[in-house]
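Here is a short briefing for a reader new to this structure.

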Amino acid sequence: MGLGLSFQKPMSKEMELLHLFPSVPRRTDVEAVLPQTNEAGALDGVRKARELCLQSSSWQPRYGEGTREQRILGPMAYLSGSGPTMDEEKSIICTVSSKRMLFAWDVQEGTMIWSSPVQQSSIMHLATLPQMHLAFTVDLKGAIKVWNCRDEDTLATLIMSQACLSLEAFLTKDGPFLMVGTCEGDIYTLTVPELKTVSKVNAFKYRVDLLYCSPDKRWIFASGTHECILPKVFFTECLLRPSEGRTPLSLSLPFSSCCRACWAPRRTNRVTLMFQRDALKKTGFTTLDLTTEGTGGRTFIQAREVASFLLPVHMESPIWMGVSDGNTIVFESGPYLFLVSISGHLLQRFEYHDKTICNLWVDSLHVLTTSVDDSLHVYMWEEEGRYPYLRSCCHLEHIGSDQTPSW
């Protein structure tokens with residue numbers, strides 16, 4: 001099967017500078033002014049259940065002093081399901097601590113319900129598979145582990161010979177899989193929970209820092225942050241079942257120095273990239289729609305640029321980003337959280353952390369942020385008008401040496 005490429009720029013101007021950010025965000029601008037409403041359809045029941053859980057917790061935004069025994073500084077993800085068919089009685093979040101431990105938190109109760117033993121090496125990456133209530137971690141020494149977040153022991157452990165820099169877990173019609181990106185440019189596909197190797201594909205000359213599976217499981221976005229690497233979009237099937245001696249079908253996207261990417265949950269062919277350009281390291285975002293067309297035994301992949309913009313030079317460059325419906329982007333900058341359109345128009349700005357936001361996690365229902373001030377904040381997506389918006393729900397902190405967080 002052959003491969004063709006077509007990359008189309010939008011009819012509008014190439015880049016739209018984000019003008020709407022003031023130099024210094026003001027706390028008075030934090031709160032959203034849009035009315036609240038629940039999304040109709042399949043996600044409505046899920047949102048209502050989550051909202052009731054969050055409202056039942058007494059939120060007291062206090063800032064503790066003294067020694068923190070458990071720090072919420074590392075990666076995080078929801079362990080409970082986000083789909084309407086999942087059991088929504090408990091809303092569970094997994095977090096990684098700088099104390100080399102993995103934690104599970106009951107959001108409704110505001111309590112830690114499980115913790116792993118202290119690991120020999122720092123946990124660097126976390127992925128979850130909510131449909132199976134599983135969490136996956138990889139540490140500095142290349143140990144990949146599978147946790148059910150109930151038992152002390154792991155379900156499986158695999159020691160990799162290469163440093164692992166990215167994880168992505170997903171469920172297909174053929175079963176669950178875990179993809180791992182390594183320092184040598186390889187992408188490993190592993191079975192779940194056994195961690196047996198299904199395939200190994202060399203994707204780049206340099207390390208694979210980013211791996212993201214599209215919501216329909218059709219595409220895998222892969223990239224490194226090295227300036228010489230162009231991101232690639234692979235057909236998932238070609239990584240799950242690579243043909244011997246043949247290069248997996250993929251499309252290179254003309255955006256070097258890509259530092260993050262995210263698929264739109266409800267527009268499965270739309271992906272948004274965050275990148276840096278020129279010597280000033282300006283941060284930009286571009287949104288692309290992917291399509292395929294088969295002609296004469298060849299498969300053509302087309303990428304059409306929908307929108308693109310650059311952040312102001314004076315703005316601190318974000319590290320994390322996420323998307324909602326494909327028309328909005330959420331990212332952090334210092335202690336602030338911003339919601340903008342894909343064209344760069346400011347929609348919302350939040351300041352619920354006193355210090356720099358060090359991690360951001362986004363799905364179709366939630367946005368989670370953690371900060372170096374030992375706090376975690378939970379937002380929920382709401383629908384109203386042209387764009388979705390965020391509603392602040394609750395704030396979780398460690399107070400002193402207490403193992404129980406304060407709400």
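Ser 199 counts as buried because its relative accessibility is 5% (buried means under 20% relative accessible area, exposed over 50%, partly exposed in between, with a 1.4 Å probe and protein chains only). The model is predicted: local features need pLDDT of at least 70, side-chain atom pairs count only at pLDDT 80 or more, and totals for chains, interfaces and linings use all residues. Residues are numbered from 1 along each chain as its sequence is written, and side-chain values use heavy atoms, with hydrogens and water left out.

**Ser 199**
- Ser 199 lies in strand E14, residues 197-202 (strands, E, are DSSP runs of at least two residues, numbered from the N terminus).
- The Ser 199 side chain reaches the backbone oxygen of Leu 239 at 2.5 Å.
- Beyond neighbours within four places in sequence, Ser 199 is in contact with Ile 187, Tyr 188, Thr 189, Leu 239, Leu 240 and Pro 242 (contact means heavy atoms within 4.5 Å).

**Leu 251**
- Strand E18, residues 250-252, holds Leu 251.
- Leu 251 has 1% relative accessibility, so this residue counts as buried.
- Pro 231 is 20 residues away along the chain, and its C-alpha atom is 8.2 Å from that of Leu 251.

**Gln 120**
- Gln 120 sits in the loop between strand E6 (111-115) and strand E7 (123-129).
- Gln 120 counts as exposed because its relative accessibility is 74%.

Note on methods:
Helices (H or I, at least four residues) and strands (E, at least two) are DSSP runs, numbered from the N terminus. A polar contact is a pair of N or O atoms within 3.5 Å; within protein, one must be able to donate a hydrogen and the other to accept it, and residues adjacent in sequence count only if both atoms are side-chain atoms.
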